[in-house]
Amino acid sequence: MDINQTLSSYSDWCYGIAVGAYVVAMLFYLYEQAFGYRRRVAVGKRELVSVGAPGSESTDETPAEETVLERNNRAERIGKLAVSLTVFGVMLHVAALALRGLATHRAPWGNMYEFGAVLCLVAVGTWLVVLRKYPVRHLGVWVLLPVVVLMFLGGVLLYTTAAPVQPALQSYWLVIHVFTIASGSGILLVPGVVSILYLLKVRRPAWATRLPAADVLDQVAYRATVFAFPIYTAGVIFGAIWAEESWGRFWGWDPKETVAFVAWVVYAAYLHSRATAGWRGGRAAIINIVGMAAMIFNLFFINLVTAGLHSYAGV
Amino acid sequence: MTALLRNTWRGLTSMRTALVLLFLLALAALPGALLPQRSLNPQKVDDYIASHGWWGRLLDRLEFYNVYGSVWFSAVYLLLFISLVGCLLPRSLEYAKAARGKPVITPRNLARLPHHHETTVDATPEEVMATARQRLRGWRLQEREEEDGARSVSAERGYLRETGNLVFHFAMLGLIIALAIGKMYQYEGQVIVLANGSQFCNSGTLSYDTFRPGLRVDGTDLDPFCVKVDDFTASFLPTGQADYYRADIEYQSGEDLATNTWRPYKLEVNSPLRTAGDRVYLLSHGYAPVFTVTFPDGKKRMHTTQWRPVNQMTYLSEGATKFDPPGVTDPTQRRQRQLAITGLFAPTAVMQGDLLGSAFPDMRDPAVAIDVLKGDLGNESGRGQSIYEVNQEMVDSGRLKRVARENMRPGDQITLDDGTKISFDGVRQWVYLQVSHDPAQVWVLVFAVLIVLGLGTSLVIKRRRLWVRAVPADGGTVLLLGGLARTDQAGYGEEFGRVTEDLLDELAPEREHADAVTGRET
């Protein structure tokens, strides 16, 4: 089937604007992180009251506290603006993928550029979910940073013109396997970044006064990992099922398979480490970071440097 | 001695050891992704060793080119296997015990739990208990009378977490065992078949070009079936990228063999033929030029030999089509008059100066650039030789001489000095098929599914406890609630808050919302 060039170029524009929106959102998050620090004192008090008594917020705040709020309202507003911008970016991001899918008449994750785009979308989406549950909004800059870097590298170095995929990829397993893997990897990006922040908070508290409490970071990392791990596991198994159908064996220690296995074992170790005395906290965080490193290694080094069965169409 | 054994066993089955072994497993698997592996590409391994000197040879001796069959990799996963068994046995016993157990007694001081709440309600302790029972349906409950007239209920929920966890780990064991059984009884063979109605039968290892048996397979007892390749179609996009490959085949297995019934099948990438417990895959394809040699005595020989692609993008191919002179019984005579046609084939010819190149993988304008060699092909040397090449030793020693060099298109014919005529008649396609057999792979799949289900269950469900105590007091009942998540506190506070709200809504509907529910998360 023919490639629709118009839709394809609309997709490229959406991708570009989405990256732009993320960059601006990053700046706003950064502003909130830099100037919104003292606000958290006041917010902390408000939360204490509001847990049991919704609707009775402005009871007995002293004038002193009000000035604190006054001063930081701006940062708060900027932070909210950053979230809106992130949502706007996500919408364009989704549009970019949808348009590419429409332009090529296939699932829009058939090469590395598209895979990276899906992975980043899931990562940002995960972050938006985390934001709803934990007071960590101002950390957005640290999550968007790797996303923006990945999307920039993807858009500049790995960009692939919209095209059909080769016979080996023409399978419904492309939809299932690649999407699950991209989702798992995308979600796992968040705990990786948060674990770095956790380490910073625990090992260098003086540098990390503006980060949330260590146990909040630990919880975000743990819950996101626990959510992503079964998805990633299923993704690897879907890959094995597809490999059986396409390559004649379900597991053959192809470099991509091998590193996927290594990353899986590392995340399994992370989960075990949290139940092992002496490994909780810092060491567990390090394992999580190693897991993320393995995923990134698998994405870039294995695809671009090693020749394996997962190399398609150059990238 | 027993102490040593016991300590070794304890050490091996501890979580800390499991953790270290997991790291070792990850570390041990990694070289396989970075170094060439014999199982994937033996040629690359040889090149790597050749270009890395003593270092390459050392790695070879340490089994780094066969990581997943190496002693050290096997040692790590065997230890992990033992550690897993050692961890699972006591846990299963404990699980069986817990399945019949009752929720633990209510702690004296509920206010010390991570989640707790205290309030006074008008209802009697009995009413409080009844409401709690109602709200905590689905929890495992144990009601108790306490000394001072108070009553309490202990509730526990989330036993499925441990079930899922055990399912996951046992499925892991099952998967490893299924893999091992697969390694014993599997086989895998590759064969090239011309797509002109040629047949291939899974009758023995000799039918294959390459054959890799499992440890318990000797190749005498393969599942019988036959495949006939009638046609092959490759379709390409204008860019040269493949759109689809399809081999039109017919096959027979089981009773069809006796009745000689052929069933059609369209063999494509991602759509293997599954028959007789085996799978047949279309791995790749290529071209086979057809040459006819008319010898001076008028006898004709036509050969269609597969040539191998040297460029996967353009399908420029190389090969050697070899002829024995017909009717020559004297070996010495024969060895002076053997012929080989060797050179390049291009499906879409472009001339780059004098050199033949190919511009497109599809057959738009096929041509060959050939050398005709005459003399001794070296077939009797006792050594096997490649079907794609002539024996270079024979060329170097002058026993095989070039007698012609020509570029030809289908229909072209050349005549050698001795009157031998060689014509390039056309081109056939060949397909490279793989036959795979693994009786245990369905079990691998079953265990893999159980792994995901067990994992999901164990990570989503929380094992948690909740206690309600009703202490009679003046004009009502003091209601105390406490909650504890046994595995991970994350998120339990929300549920505790909900249960508390529901109970209070029921027992004290007109209460003020001001008494906060403390759901601190740790």
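Predicted model: local features only at pLDDT ≥ 70, side-chain atom pairs only at ≥ 80, totals over all residues.

Student: Okay, start simple. How many helices and strands are in chain B?

Tutor: Chain B has 12 helices and 24 strands.

Student: And is it a compact globule or more spread out?

Tutor: More spread out. Its radius of gyration is 37 Å, while the globule rule gives 24 Å for 522 residues, so chain B is more spread out than a compact globule. The box filled by its C-alpha atoms is roughly 125 × 60 × 55 Å along the principal axes.

Student: How is chain B divided into domains?

Tutor: Domain 1 covers 2-90, domain 2 is 103-158 + 462-519, domain 3 is 185-285 + 434-441, and domain 4 is 288-299 + 308-420.

Student: How far apart are the centres of domain 2 and domain 4 of chain B?

Tutor: Their C-alpha centres are 90 Å apart.

Student: What share of chain B counts as buried?

Tutor: Of its 522 residues, 34%. As for contacts in chain B between residues at least 6 apart in sequence, 64% of them join residues at least 24 apart.

Student: Let's do sheets. What order do the strands take in the one with E5(B)?

Tutor: That open sheet has 4 strands in the order E5-E7-E8-E9 in chain B, with antiparallel pairing. E5(B), residues 198-201, and E9(B), residues 263-268, are at the edges with a single partner strand each, so one side of each has no neighbour in the sheet. From one strand to the next, the twist averages 30°.

Student: How many bridges hold E8(B) and E9(B) together?

Tutor: E8(B), residues 242-253, pairs with E9(B) over 6 bridges, in the antiparallel sense. One of the residues involved is B:Ile249, whose bridge partner in E9(B) is B:Tyr265.

Student: Pick me one residue to look at. Which strand holds B:Val227?

Tutor: B:Val227 is in E7(B), which runs over residues 225-236.

Student: Is B:Val227 buried or exposed?

Tutor: Buried, because 26 other C-beta atoms lie within 10 Å, and 20 or more is what counts as buried.

Student: What does B:Val227 touch?

Tutor: Leaving out residues up to four places away in sequence, B:Val227 touches B:Gln199, B:Phe200, B:Ile249, B:Tyr251 and B:Val280.

Student: New topic: what does E11(B) pair with?

Tutor: Let's go through its partners. With E10(B), residues 273-275, E11(B), residues 278-294, is joined by 3 bridges and runs antiparallel. B:Thr275 stands opposite B:Asp278 there. These two strands make a hairpin with 2 residues between them, and B:Ala276 in the turn has a positive phi of about 55°.

Student: And the next partner?

Tutor: E12(B), residues 300-304, is joined to E11(B) by 5 bridges, again antiparallel, with B:Val293 opposite B:Arg301. This hairpin has 5 residues between the strands, and B:Gly298 takes a positive phi near 90°.

Student: How many bridges link E11(B) to E21(B)?

Tutor: There are 15 bridges between E11(B) and E21(B), residues 421-437, in the antiparallel sense. In that pairing B:Tyr287 stands opposite B:Gln429.

Student: Which strands make up the sheet with E13(B)?

Tutor: It is an open sheet of 5 strands in chain B, in the order E13-E14-E15-E18-E19, with antiparallel pairing. E13(B), 308-309, and E19(B), 400-408, stand at the edges with a single partner strand each, so each has one side without a neighbour in the sheet. Between E13(B) and E14(B), residues 317-323, there are 2 bridges, and B:Arg308 has B:Glu318 as its bridge partner in E14(B).

Student: Last one. How many residues of chain A and chain B are in contact?

Tutor: 43 residues of chain A are in contact with 43 residues of chain B. On the chain A side, H2(A), H7(A) and H8(A) each supply at least two residues. H7(A) gives the largest share, 14 residues. By class, that side has 25 nonpolar, 13 polar and 5 charged residues.

Technical notes: Residues numbered from 1 in each chain as written. Chains lettered and ligands numbered in written order. Pairing = 2+ DSSP bridges. Contact = placed C-beta atoms within 7 Å. Nonpolar A, V, L, I, M, F, W, Y, C, P; charged D, E, K, R; others polar. Axes fitted to C-alpha atoms, helices over the stretch in contact; angles between N-to-C directions. Buried ≥ 20, exposed ≤ 12 C-beta atoms within 10 Å, placed from the backbone. Rg over C-alpha atoms; globule rule 2.2 N^0.38 Å. Domains from an automatic or database assignment.
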